[in-house]
Amino acid sequence: QVNIVESGGGVVQPGDSLTISCAASGVISDEYAFAWFRQAPGKEREGVSCIGTRDVNTKYTEAAKGRFTASRDRANNKVYLLKKNLTAEDTADYYCASESWYPCSSTWFPASHFKYWGQGTQVTVSS
């Protein structure tokens, strides 16, 4: 069983940067991949980034738009998402998800492929 808790969300201004975190506990090893998803009000959940099993691959979707960087701290079982130059379009609930033996070999990584999910952290970009 894998337990996931996101943190670090809040209200920021346009142009700001923000790092959100994902803490994983349970049976965690490098076989687990971690992905970030987001869901804006009234919209479907979309993938943002995916770090594959054994960190072999890191992929980003168009939603990341070159402004987001995902990273993993193996020693502390944490995953981070650094977001730069935030805009109102980045306002959403951000979710961390995990799955074992998932390569993240492409920019297509549907939510249905991930078994373990956190409760999400809310990010609001507003002036």
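Author: Let us begin with a pair of strands: β7 and β8 run antiparallel and are joined by six bridges. Please keep in mind throughout that this is a predicted model.

Reader: Which residue of β8 is the bridge partner of A70?

Author: The partner of A70 is L81. Between the strands of this hairpin there are four residues, and N77 takes a positive phi near 50°.

Reader: How should I read the two faces of a strand?

Author: In a regular strand, side chains alternate between the two faces of the sheet. In β7, the covered face consists of F68, A70 and R72, while T69, S71 and D73 form the uncovered one. A like division is found in β1, with V2, I4 and E6 on the covered face and N3, V5 and S7 on the uncovered face.

Reader: With which strand does β1 pair, and over how many bridges?

Author: β1 pairs with β3 in the antiparallel sense, over six bridges. Within this pairing, I4 stands opposite A24 of β3.

Reader: What is the general idea behind a nonpolar core?

Author: In soluble globular proteins, nonpolar side chains tend to be buried together. Here the largest nonpolar core has 26 residues, of which F34, W36, L81 and Y94 touch the most other members. At least two residues of this core come from each of β1, β3, β4, β5, β7, β8, β9 and β11. The largest share, four residues, is supplied by β3. Apart from this core lies another, of nine residues, including F37, C50, A97 and C104.

Reader: Which residues does L81 touch, leaving aside those up to four places away in sequence?

Author: L81 touches L18, T19, I20, W36, V48, S49, F68, T69, A70 and Y94. One of these contacts, S49, is itself placed in strand β5.

Reader: Is S49 buried or exposed?

Author: S49 counts as buried because its relative accessibility is 1%, and the cut-off for buried is under 20%. Beyond four places in sequence, S49 touches F34, A35, W36, K59, Y60, A70, L81 and F109.

Reader: Where does S25 lie, and why does S25 count as partly exposed?

Author: S25 is in strand β3. Its relative accessibility is 37%, so S25 counts as partly exposed, a class that runs between the 20% and 50% cut-offs. Leaving out residues up to four places away in sequence, S25 touches Q1, V2 and N3.

Reader: How does separation along the chain relate to separation in space for V125?

Author: Two pairs may be set side by side. V125 and A88 are 37 residues apart in sequence, and their C-alpha atoms are 5.0 Å apart in space. S25 and V125 are 100 residues apart along the chain, with 29 Å between their C-alpha atoms. V125 lies in strand β11 and is buried, with a relative accessible area of 5%. Not counting residues up to four places away, V125 touches V12, Q13, P14, L86, T87, A88, D90 and T91.

How values were computed
Residues numbered from 1 in each chain as written. Predicted model: local features only at pLDDT ≥ 70, side-chain atom pairs only at ≥ 80, totals over all residues. Heavy atoms only, no water. Core = buried A, V, L, I, M, F, W, Y, C linked by side-chain atoms within 4.5 Å. Buried < 20%, exposed > 50% of the residue type's maximum accessible area, 1.4 Å probe, protein only. Contact = heavy atoms within 4.5 Å. Pairing = 2+ DSSP bridges.
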